[in-house]
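Trainee: I'd like to go through the charged side chains here. Could you walk me through them?

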Amino acid sequence: STLRPGISQDFEVEVKPSGDRFAYILPGSAQADRVPHLVVRRIPDGAIETDIPLISEDVWEALSGQEDLTGQILAVLSSPDAFEWSPHVGGHYLAFAAALDKPKLDLYRFDTWSDNIRPLTTARVGRVKADVEPLQPL
């Protein structure tokens with residue numbers, strides 16, 4: 001199938017610093033729900049550890065009829081900068097952009113040890129409040 005203009009079909013794969021997992025964004029065009037997914041797989045067997053839809057069903061419904069906003073959100077979520085492993089050795093956090101609670105992007109953290117997803121930003125009118133833990137030194 002054809003992707004919307006500005007949406008990349010390329011996969012940017014990020015390997016976890018410890019080398020036991022890798023992650024990538026599967027474009028919405030490759031999904032039955034038309035929503036991009038963040039997929040984490042184990043190395044070496046390639047088994048899917050988690051598959052996170054980057055737009056919730058409620059938000060996808062709220063975006064119905066808002067093609068410009070939907071296109072902007074999809075463009076960001078399909079970019080190679082939409083996710084990143086924590087840089088310290090053995091880092092088990094994966095930061096990613098998603099629209100899970102409202103039709104706006106926020107930053108989230110997936111913890112591969114607990115399988116917990118936690119918001120790192122809370123959008124406020126004209127301001128962003130970040131709840132970010134300090135990085136471990138290398």
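Mentor: What follows is a short talk about salt bridges. This is a predicted model, in which local features need pLDDT of at least 70, side-chain atom pairs count only at pLDDT 80 or more, and totals for chains, interfaces and linings use all residues. Residues are numbered from 1 along each chain as its sequence is written, and side-chain values use heavy atoms, with hydrogens and water left out.

Trainee: How many salt bridges does the structure hold?

Mentor: There are four salt bridges, each being a side-chain nitrogen of Lys or Arg within 4 Å of a carboxyl oxygen of Asp or Glu.

Trainee: Which residues are linked in a network?

Mentor: Salt bridges join Lys-16, Asp-20, Arg-21 and Glu-49 into a network. Within it, Arg-21 pairs with Asp-20 at 2.9 Å, N to O, and Glu-49 pairs with Arg-21 at 2.3 Å, N to O. Because Glu-49 lies in strand E4 (residues 48-53) and Arg-21 in strand E2 (residues 21-26), that pair ties together parts 28 residues apart in sequence; strands here are DSSP runs of at least two residues, numbered from the N terminus.

Trainee: Is Arg-21 buried or exposed?

Mentor: Arg-21 is buried, with a relative accessible area of 12%, whereas Asp-20 is partly exposed at 29%. Buried means under 20% relative accessible area, exposed means over 50%, and partly exposed is in between, using a 1.4 Å probe and protein chains only.

Trainee: Switching topic, what does Asp-106 meet in a salt bridge?

Mentor: Its partner is Lys-102, at 2.7 Å from N to O. Asp-106 is buried at 7% relative accessibility, while Lys-102 is partly exposed at 27%.

Key:
Helix = DSSP H or I, 4+ residues; strand = E, 2+ residues; numbered from the N terminus.
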